[in-house]
Structure formats: C-alpha cells, structure tokens
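Try each task before you read its solution.

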Amino acid sequence: MLQTRPLHAGFGIEVLGLDLSAPDSDAAVDELVRQVDRHSLILVRGQALSNQRHVDISRRFGDLMTHVLKQFLTTGLPEIYVLSNVTEDGKPIGNHKEGWNWHSDLSYVAEPSMGSLLYAVEVPPEGADTLFASMHLAYESLPAETQARIRNLTATHSYAGYYGKAFADRAPLTEEQKARTPDVVHPVVRTHPVTGRLSLYVGQDIVKQINDLPADEAETLLAALNRHAISDEFTYRHKWQQGDLIIWDNRCTMHCATPYEDTRYRRIMHRTTVAGTRPF
Ligand code: SIN
C-alpha cells in the first residue's frame, strides 16, 4: 500500500517513503504504473537513480521512445533525452529551452507518448519550475455545448512548426529529422485508453491548426481552448529539488517548463518517454 498525499485537488499525488534505486523496488514501480492512469501525475522525491535504473524503471511502464534530436542523447543510454543549459567540451549536453510551451510530449507523432519520467539531476535554487495541467479537468469543466462542438474535431500537430518557433536561432531540422516527424492529425478530444475518461488534446506551438473549420474560426477556437486548458484551477506548479522523479500521463495532461537565470545556474534533467498508442 503506497503512502500518498495529493498535489492538487483534482489530480496528481506525491508518493512518500519510496527508494526506487534498488531493483527490489520493482513491485512498488508496478504499483506506480497502475496509479498513473488514475492520478495522471506522480511525484517521488529524494531519489538517487543511476541512468540505467531510470531506464529500467521507465521500461516497466512500456517500450521507450528515442528523441529525434539525437545530439541530446548524451548519457550513453539513447532512451534518456537530456534537457540542460550545461555545455561540456564546447558542446551542449542537453536541449536548453525545451518545452517552454504548453504541450504533451511527442504529440507530433502518429502514436504519441503514453507518459514521461523526468528526473532532476541538478536544479537551480530558484526558477525553472514545471507547470502541469489536467486535461481531464479542462475538458470536463467546459460547457456542454462547447464539449459537443469540439467532440469530433481534429487538429494538426507539427514538430517542424514547433521547432521553427522554439529554436529559430538554431540550425534547421535535417532532412532525416523532418522525415521522422511529418505533421500528424489527432482528435481535439481524446479518450483515455485505460479509464475511458475524456480529455482536451491541444497545445501551444506544436498544434498548428484545428481542421474542418474556416481558418479564422479555427484560430479563435484553438486560442480559446489553449487559454482554458491552462487555467489556474487545473494547474499544479512543481518546484524541483534534486532527486525528484515525476511521472506523468501524456494522454491527459500538458506541461510547460519555465525560465530561470540560465547564465547563473545549471539545470540538468533526464527524461524518458514511454511509447503510446494512436489517440481516439
Ligand atoms: C519537458 O519535458 O517538456 C521539459 C519539462 C522541464 O524541463 O521542466
């Protein structure tokens, strides 16, 4: 039986008293696998995970995806995507300013990620919080007529579109990277494949457009849904400590990293991304 406390009135729990570094904690990890469907987000503090253990824990949730930006898979384990402002030997060890927009990880592929496990290796003493929002709560709080209006709409998700906006000052995607990330179309309202609960599936920058509507109406609707989705009442702000592990369900949450004094402080985060299925 896990000892837990809520992080937010509507979603997210902290699990207390776990040491996930030891292989004999696998049974506890399997309990987390079951709990994430229900709570959408799980925090476990005070961990000391080797890279290999991080990957092994993540594999208990499912197959792992590898990020298209291979230059940031720098730990020796390609399953770990590094997010960092640190450079070593003149080269960035991770992707800086990644995820500074509201999104659900890898929504830009045909079978987006089921969940992510983000581990805090080194964090600044201030700033660099991550915000999480429950897309179940966002959908369920919409007026019935809006729910009916958007129920069968689709949206186009574009990695190239996001990359162009987020990293306009960098070299463009290579032909191979573009080939791996063609635009994809997903429902605007998706069904959780385990619980059957509905959620809003939108996002900033990655979601290029809502389809099947006149362009100006589609643009206004997307902006309104994005605004609604990240209302304070659906949002949990996480202040990181070194050794925190957060596991979230990409099928029913969005998240957004926030800035920090990146010329003063170092931040190193390791993320694994669990494979998912086609949204419906
Ligand atoms: C992400 O997975 O989008 C990054 C979140 C973070 O760095 O806080």
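**Exercise 1.** Find how many residues of domain 1 are in contact with domain 2.

*Solution.* Start with the bounds, which come from an automatic or database domain assignment. Domain 1 covers 4-123 + 236-274, and domain 2 covers 134-230. Contact means heavy atoms within 4.5 Å. On that rule, 32 residues of domain 1 touch 34 residues of domain 2. About 2,700 Å² is buried between the two domains, and carbon and sulfur atoms give 57% of this. (Buried area is the accessible area, with a 1.4 Å probe, that two parts lose on being put together, summed over both.)

This is a predicted model: local features need pLDDT of at least 70, side-chain atom pairs count only at pLDDT 80 or more, and totals for chains, interfaces and linings use all residues. Residues are numbered from 1 along each chain as its sequence is written, and side-chain values use heavy atoms, with hydrogens and water left out.

**Exercise 2.** Locate the salt bridge across the interface of domain 1 and domain 2.

*Solution.* Look for a side-chain nitrogen of Lys or Arg within 4 Å of a carboxyl oxygen of Asp or Glu. The rule finds 1 such bridge across the interface. Now check Lys70 and Glu176: their side chains meet in a salt bridge at 3.3 Å, N to O.

**Exercise 3.** Decide whether Gln177 is buried or exposed, then list what Gln177 touches.

*Solution.* Buried means under 20% relative accessible area, exposed over 50%, partly exposed in between (1.4 Å probe, protein chains only). Gln177 has 11% relative accessibility, so Gln177 is buried. Leaving out residues up to four places away in sequence, Gln177 touches Val68, Leu69 and Gln71. The Gln177 side chain reaches the backbone oxygen of Val68 at 3.5 Å.

Terms used:
A polar contact is a pair of N or O atoms within 3.5 Å; within protein, one must be able to donate a hydrogen and the other to accept it, and residues adjacent in sequence count only if both atoms are side-chain atoms.
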